[in-house]
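Here is a short tour for someone meeting this structure for the first time. Take a look at the sequence and the model, then read on.

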2 protein chains.
Amino acid sequence: MKIRVAKKPADAYQHGDLREALVDAGVKLLTEGGLDKLSLRGAAQLAGVSHAAPYRHYRDKDALVAAIAERGFRMLSASMRAELEASGARKTARKLVALGMGYVNFGTTHPAYLKLIFGGALSKQAGPPSLYEAGAEAYDMLRDVVAAGITSGELHQMDPEEMALACWSLVHGLSMLIIDNAIPKPETRERERGLIERLVVLLGRGIEND
Amino acid sequence: MKIRVAKKPADAYQHGDLREALVDAGVKLLTEGGLDKLSLRGAAQLAGVSHAAPYRHYRDKDALVAAIAERGFRMLSASMRAELEASGARKTARKLVALGMGYVNFGTTHPAYLKLIFGGALSKQAGPPSLYEAGAEAYDMLRDVVAAGITSGELHQMDPEEMALACWSLVHGLSMLIIDNAIPKPETRERERGLIERLVVLLGRGIEND
DNA sequence: CCTACCGATCGGTAGG
DNA sequence: CCTACCGATCGGTAGG
């Protein structure tokens with residue numbers, strides 16, 4: 001009886017976890033080569049299977065993309081939550097700075113992820129409910145902090161959704177401009193932190209003179 | 001002597017203006033099908049020439065993309081200037097609202113253009129000087145208004161570049177979020193104007209309560 | 001400015 | 001889960 005010699009690459013999937021292995025492979029393609037390099041065939045190759053194999057686990061490319069996006073959403077909210085907790089902020093304004101920091105840090109560290117989850121590459125059709133849950137997590141954190149700040153009187157009386165949108169737009173725009181080299185990328189992490197902090201604080205206090 | 005019968009499509013280029021015709025065709029592909037549909041071959045077909053013809057006028061795809069992007073930059077600054085003039089604003093805060101309106105209007109009306117000029121599709125190499133001039137126009141308008149506002153005392157004493165960046169980030173982020181369907185697109189132009197106005201004013205006055 | 005050609009990449013399916 | 005195949009699209013070049 002012959003002993004089979006493993007022919008698969010070292011990073012090939014093991015046993016029944018091809019589904020997850022394909023997500024890992026897709027993430028690698030995404031982070032190393034950007035959105036353009038994210039393909040089903042490429043992921044299959046990285047996972048060490050034929051390019052037809054993924055269809056056993058994902059209906060089509062969009063389904064794999066949705067799984068990767070879900071991971072991205074969770075990383076985003078984790079980044080925001082980590083900054084919020086690390087800051088130990090008690091005042092709403094400081095909490096908002098922390099959340100913004102978490103957002104921009106995630107965006108500039110994982111540019112392809114940000115473009116994937118917000119870049120319209122997500123087929124607007126269906127997508128599993130878990131994708132939408134993951135997507136709502138980050139926004140909910142922001143909206144809750146804003147709503148609490150309005151209730152406590154720290155922020156202006158105003159539609160919390162709209163105020164949250166202002167914060168979101170600011171940090172999203174900043175992230176995108178940095179990612180796309182529209183503005184010089186801050187040279188160090190410290191400078192980036194300083195920049196984000198000043199911009200978010202600016203939104204807080206307003207740019208007009210009293 | 002035979003009379004040649006025109007075989008070209010009605011919208012084919014005329015005489016020596018293929019160079020411009022290719023830009024028009026590229027713009028059409030871009031606006032109708034998004035960035036993905038913008039190809040040299042497609043533009044050539046639309047212009048009624050073979051797919052090898054464009055290389056007589058553009059070194060490669062990046063060169064055509066640069067020409068299209070230049071047009072986009074000029075449309076952006078034209079949109080901002082038009083809003084600024086139409087507003088008749090005298091106070092800095094109102095001028096900033098007008099500029100923001102022009103920016104977001106342009107972005108949501110021409111989403112593919114916005115993604116082209118700021119989406120990193122522009123090869124970071126060279127590109128004609130005219131491209132950079134065009135790109136600087138819009139930013140200069142913003143920075144000048146901000147700088148004048150600081151000088152006049154209407155805005156806080158602060159690095160004008162950084163304050164301009166805050167404004168830019170806000171309207172850029174808002175545009176991108178609308179374009180990418182991350183937030184519901186305002187149903188009417190009026191609602192969109194109202195939203196933009198409230199957000200820019202918010203940046204002006206600050207979201208914190210006094 | 002054209003025809004004909006290259007090599008590469010894709011998503012997806014047939015049929016096992 | 002694999003091999004073999006389709007049709008489509010690209011950017012780019014040779015050679016005229």
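Is A:R71 buried, partly exposed or exposed, going by its relative accessibility? A:R71 comes out as partly exposed, at 27% relative accessibility. (Buried means under 20% relative accessible area, exposed over 50%, and partly exposed in between, with a 1.4 Å probe and protein chains only.)

Before going further, some ground rules: this is a predicted model, where local features need pLDDT of at least 70, side-chain atom pairs count only at pLDDT 80 or more, and totals for chains, interfaces and linings use all residues. Residues are numbered from 1 along each chain as its sequence is written, chains are lettered from A and ligands numbered from 1 in the order in which they are written, and side-chain values use heavy atoms, with hydrogens and water left out.

Now for the charged pairs. A salt bridge here is a side-chain nitrogen of Lys or Arg within 4 Å of a carboxyl oxygen of Asp or Glu. Over all chains, that rule gives 28 of them.

| Pair | Closest N to O distance |
|---|---|
| A:D24 and A:R71 | 2.8 Å |
| B:K115 and B:D180 | 2.5 Å |

Start with the salt bridge between A:D24 and A:R71. A:D24 sits in helix 1 (residues 18-33) of chain A and A:R71 in helix 3 (residues 61-87) of chain A, so this pair ties together parts 47 residues apart in sequence.

Because A:E137 is in helix 6 (residues 129-151) of chain A and A:R81 in helix 3 of chain A, the pair links parts 56 residues apart in sequence. A:E137 is partly exposed at 26%, and A:R81 is partly exposed at 34%.

Over in chain B, B:K115 bridges to B:D180. B:K115 belongs to helix 5 (residues 111-118) of chain B, while B:D180 is in the loop between helix 7 (160-179) and helix 8 (189-205) of chain B, so parts 65 residues apart in sequence get tied together. B:K115 is partly exposed at 21%, but B:D180 is buried at 11%. Back in chain A, salt bridges that share partners join A:E70, A:R74, A:R81 and A:E137 into one network.

Key:
Helix = DSSP H or I, 4+ residues; strand = E, 2+ residues; numbered from the N terminus.
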